Amino acid sequence: MNKMKTMVLAASTAALSLGAVATASADALALATKSGCMACHQVENKVVGPAYKDVAAKYKGQEGAVDMLTQKTIAGGVGNWGQVPMPPKGGRADVSDEDIKTIVAWILSL
């Protein structure tokens with residue numbers, strides 16, 4: 001009986017963890033949408049800027065990637081994904097640096 005309780009507890013914990021991840025992902029996607037990021041980027045497909053899945057793949061496992069990409073997003077630039085410029089903060093000065101970091105961390109989790 002103890003094995004059964006352990007298995008049920010483990011399954012419940014896993015389900016709750018997945019629910020928290022799904023909620024965090026939905027919150028980050030909503031934040032990216034509200035912040036205007038989705039006007040030029042999509043999760044699966046390149047639009048004006050690269051697809052977020054491509055960004056995640058490029059920087060997968062790189063130490064310090066969240067901080068580096070947060071700073072690049074804040075500053076803007078050109079040449080990393082072609083010659084279309086990324087304006088500072090995606091052209092939205094009202095987006096906080098902390099929100100940008102949240103969005104970048106979500107992108108890298110894809």
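## Basis of the model

Residues are numbered from 1 along each chain as its sequence is written, and side-chain values use heavy atoms, with hydrogens and water left out. The model is predicted, so local features need pLDDT of at least 70 and side-chain atom pairs count only at pLDDT 80 or more, while totals for chains, interfaces and linings use all residues.

## The largest pocket

The volume of the largest pocket is about 760 Å³. A pocket is an open set of points on a 1 Å grid over the protein atoms alone, where a 1.4 Å probe fits, with protein on both sides within 12 Å along at least five of seven lines. The volume is the space filled by probe spheres set on the points, which are joined across faces, edges and corners.

The lining comprises 33 residues, and H41, P50, T73, W81 and M86 lie nearest the centre of the pocket; lining residues have an atom within 4 Å of a point. By class, 19 are nonpolar, eleven polar and three charged (nonpolar: Ala, Val, Leu, Ile, Met, Phe, Trp, Tyr, Cys and Pro; charged: Asp, Glu, Lys and Arg; polar: the others, Gly among them). Helices α2 (52-59), α3 (65-75) and α4 (97-109) each supply at least two lining residues, and the largest share, four residues, comes from α4. Helices are DSSP runs of H or I with at least four residues, numbered from the N terminus.

## A nonpolar surface patch

V47, V48 and V84 form a nonpolar patch on the surface, with about 230 Å² of accessible area together. Such a patch joins nonpolar side chains (Val, Leu, Ile, Met, Phe, Trp, Tyr) within 5 Å, from residues with over 30% relative accessible area and no salt bridge. Areas come from the Shrake-Rupley method with a 1.4 Å probe, and for residues only the protein chains shown count as cover.

V48 is placed in the loop between α1 (2-34) and α2. Its relative accessibility is 41%, so V48 counts as partly exposed (buried is under 20%, exposed over 50%, partly exposed in between).

## Salt bridges

The structure holds four salt bridges, each a side-chain nitrogen of Lys or Arg within 4 Å of a carboxyl oxygen of Asp or Glu. One of them joins E44 and K53, with the closest N and O atoms 3.5 Å apart. E44 is exposed at 53% relative accessible area, whereas K53 is partly exposed at 36%.

K89 pairs with D97, the closest N and O atoms being 2.9 Å apart; D97 is partly exposed at 38%. In the bridge between D94 and R92, the corresponding separation is 3.0 Å. D94 is exposed at 57%, and R92 is partly exposed at 27%.

Note on methods. Patches are made of residues with over 30% relative accessible area and no salt bridge: like charges are joined within 9 Å, nonpolar side chains (Val, Leu, Ile, Met, Phe, Trp, Tyr) within 5 Å. Buried means under 20% relative accessible area, exposed over 50%, partly exposed in between (1.4 Å probe, protein chains only).
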